[in-house]
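User: Hi, I'm new to this one. Can you walk me through it?

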Amino acid sequence: MFFGFAMDKYYDMLLEDVRFREGLKACMNCGVCTGVCPAAEFYDYDPRQIVSIVQTRNDDAIEELLRSERIWYCGECMSCRPRCPRGNTPGYVIQALRTLSQKLGFFVESEKGRQQLCLKRSIGENILRTGYCLTPQLVRPETHPEQGPVWRWIVANDREVYGRLTPSYDREGAGALRRIDRQSLEELDRIFEVSGGRRMFDLIEKHSDRKAREMGYDGADERYAADTFSRNTTRND
Amino acid sequence: MAGRGASWSEYQKQIADDHYYYARSCIRQNFFPGSERAFLRILGEELGRDICDDPRHTSCTGIGYHSDIVPLETIMTVVARQFALMAEAGYEHLVTSCITSFGIYNEILNTWEEFPETEERTRRYLKEATGRELVLPKSVSHTSDVVYHFREQIAARARRRLVNVQTGEPLRVVEHIGCHYAKIFPKSGIGGAEFPYVLAGMIESWGGTCIDYPERRHCCGFGFRNYLVQANRGYSIANSHKKLESMAPYKPDFIVANCPGCSMFLDKWQYAIAEMEGTTYGADGRGIPVLTYEEMAGLVLGYDPWELGMQFHQVDVEPLLRKMGVEFDPAAKYLGRDGKYIGRPEAAVVNSGPDKRVYRIRE
Ligand code: SF4
Ligand code: SF4
Ligand code: SF4
């Protein structure tokens, strides 16, 4: 304890993440990162302020951050990395904060944080099912109207359209859009098991389920997931 | 400019000349499967290089990592598996076909160097999970680095140039580098973060000219969770919008992007903006065609646009093909396998020009 504030608990946890050690040396609050940041352009978001709060090492302030909307605005473009005169990378600090927020279950306390469930259920599960982050079937025209009529036509005629360009479409062997063999998928699965990927997925489910019940849903069901995917109450002005 | 030249030469990285191990990208193969084919064809058939397409390698899980659901330790182990497979296949030079994974491979190699305990841990995880041994690569390049490396050989075999055949003027090109190519590790990208030269070098060698505009280095706006989750997509379209507004006054003939994600977003958001507010950015009142560099190289080499997969674009590429003097069969565009007719996509404002829409509204 220092001046009556709880200090360092969360800061020490953040230090376990090498991205945090790499991303935050000493910030001089110049704001250059905020100047180039596409998230700051769009949201009420200021990477300089995030770094500055973390730098206080104050547990209450950091916990507030871990529960907040703010840490979920960054697009991880890393435009801030080559620009910082002190060699910091606010984008890395954000990655460490998000990881910790999920480990501690704080992410479900914000609307943007709760979206991690949809990301886990779409991209995350697709990785283990197919060996790819994205497959054509994942970009469903109903949830992706911005993809336009050409994409709708591609998805509706996938075997023909992809088949014209890549004979390996959805088949095992080499080539684009090939189906990944069973052994490789099993290896991927074990990598997730051994290295903590599976544990992260389970944590996201567990905390989402708890929060969903608290919010009056029957757990983290389809309806909860669909609401977190489309609900947006952020004001950008 | 002396300063500029110095910066460029400082960032001349070594690119392997042969025997590549190809790491495929999910975004590239989903949205631009023809580009991937063109890259392999250019290297294999045109340049006689050896490139290994290993059926066992998987996604790098990079989109999951940058959506913060895949932990660092996990992606490190997945990447270590790709390196292990490469060594087993007898290769040392990795070439990745996506900016996001290029950034990840570089970031991980750097992290292993700086924090050796992370490399040790990854070796253990890999061994335990798969029985495989991590062997570090000799080099990691992006597919565009390799095309850049061979740009003069490609120019020597060119069937067409990036020139307007009616006016004889060089085509005016907007190049988009993609943040993760050079902003994470400037020294790993040709030209670094300030003067990325990878696409500009191709454009100049093939007869075109690059446009410098205020938001040239701004992100396309993908932002991972900011596009993947529907509620956040305003971020993505707003950043693409900012770039398009900034480049339009310079009247580009086309955009070429380094990253398959960026190519897709700059194409699709033009469609969305045109539908939402009737705005189009091309000089002819339509959209600005957005190419991948493989498509650009393929057109220069005389490949058929539909064999290059340019029917996957939302913004029609035909106006550009005509400017370049490319012969093509308009009726073959939307055919399936073996010339089968499978219907065609519905019309969109971005391809017809906003005037018609305004006219319709007035009616
Ligand atoms: S650019 Fe660097 S030093 Fe300046 S506010 Fe951002 S993190 Fe701090
Ligand atoms: S990584 Fe995040 S904080 Fe850094 S510039 Fe990009 S959006 Fe902003
Ligand atoms: S411009 Fe967009 S897609 Fe391309 S690297 Fe940056 S964030 Fe990724």
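User: Which residues surround ligand 1?

Analyst: Ligand 1 is surrounded by A:Cys27, A:Met28, A:Asn29, A:Cys30, A:Gly31, A:Val32, A:Cys33, A:Arg48, A:Cys84, A:Pro85, A:Asn88 and A:Pro90. A residue is near a molecule if one of its heavy atoms lies within 4 Å of it. A word on the basis: this is a predicted model, where local features need pLDDT of at least 70, side-chain atom pairs count only at pLDDT 80 or more, and totals for chains, interfaces and linings use all residues. Residues are numbered from 1 along each chain as its sequence is written, chains are lettered from A and ligands numbered from 1 in the order in which they are written, and side-chain values use heavy atoms, with hydrogens and water left out.

User: How does the shell around ligand 1 divide into nonpolar, polar and charged?

Analyst: Eight nonpolar, three polar and one charged. Ala, Val, Leu, Ile, Met, Phe, Trp, Tyr, Cys and Pro count as nonpolar, Asp, Glu, Lys and Arg as charged, and the others, Gly among them, as polar.

User: And ligand 2, which residues come nearest?

Analyst: A:Cys37, A:Cys74, A:Cys77, A:Met78 and A:Cys80, out of 13 residues around ligand 2. That shell has nine nonpolar, three polar and one charged.

User: What is around ligand 3?

Analyst: This time the residues are in chain B: B:Ile99, B:His176, B:Gly178, B:Cys179, B:His180, B:Cys219, B:Cys220, B:Phe222, B:Cys259 and B:Cys262. Seven are nonpolar, three polar and no charged.

User: Switching to chain A. How many helices and strands?

Analyst: 14 helices and zero strands. Helices (H or I, at least four residues) and strands (E, at least two) are DSSP runs, numbered from the N terminus. The C-alpha trace of chain A spans about 70 × 45 × 40 Å along its principal axes.

User: How much of chain A is buried?

Analyst: 58% of its 237 residues. Buried means under 20% relative accessible area, exposed over 50%, partly exposed in between (1.4 Å probe, protein chains only).

User: What about charges in chain A?

Analyst: Chain A has 36 positive and 37 negative side chains. The centres of the two sets lie 2 Å apart. Lys and Arg count as positive and Asp and Glu as negative; His and the chain ends are not counted. Each charge is placed at NZ of Lys, CZ of Arg, CG of Asp or CD of Glu.

User: Which residues of α11(A) are buried?

Analyst: A:Asp158, A:Glu160, A:Val161, A:Tyr162, A:Gly163, A:Arg164 and A:Leu165. That is seven of the eight residues in the helix, which runs over 158-165.

User: What do they pack against?

Analyst: α10 (148-156) of chain A, together with α2 (26-31) and α3 (33-46) of chain B. Contact here means heavy atoms within 4.5 Å.

User: Why is α11 of chain B largely enclosed?

Analyst: Because seven of its eight residues (198-205) are buried. Among them are B:Val198, B:Leu199 and B:Met202. Just after α11(B), B:Gly207 takes a positive phi of about 100°.

User: Which phi does A:Arg57 have?

Analyst: A positive one, about 65°, although A:Arg57 is not a glycine. Most residues other than glycine have a negative phi. A:Arg57 lies in the loop between α5 (47-55) and α6 (59-66) of chain A. Its relative accessibility is 34%, so A:Arg57 counts as partly exposed.

User: And B:His19, where is that found?

Analyst: In the loop between α1 (2-10) and β1 (20-23) of chain B. B:His19 has a positive phi of about 60°. With a relative accessible area of 43%, B:His19 is partly exposed.
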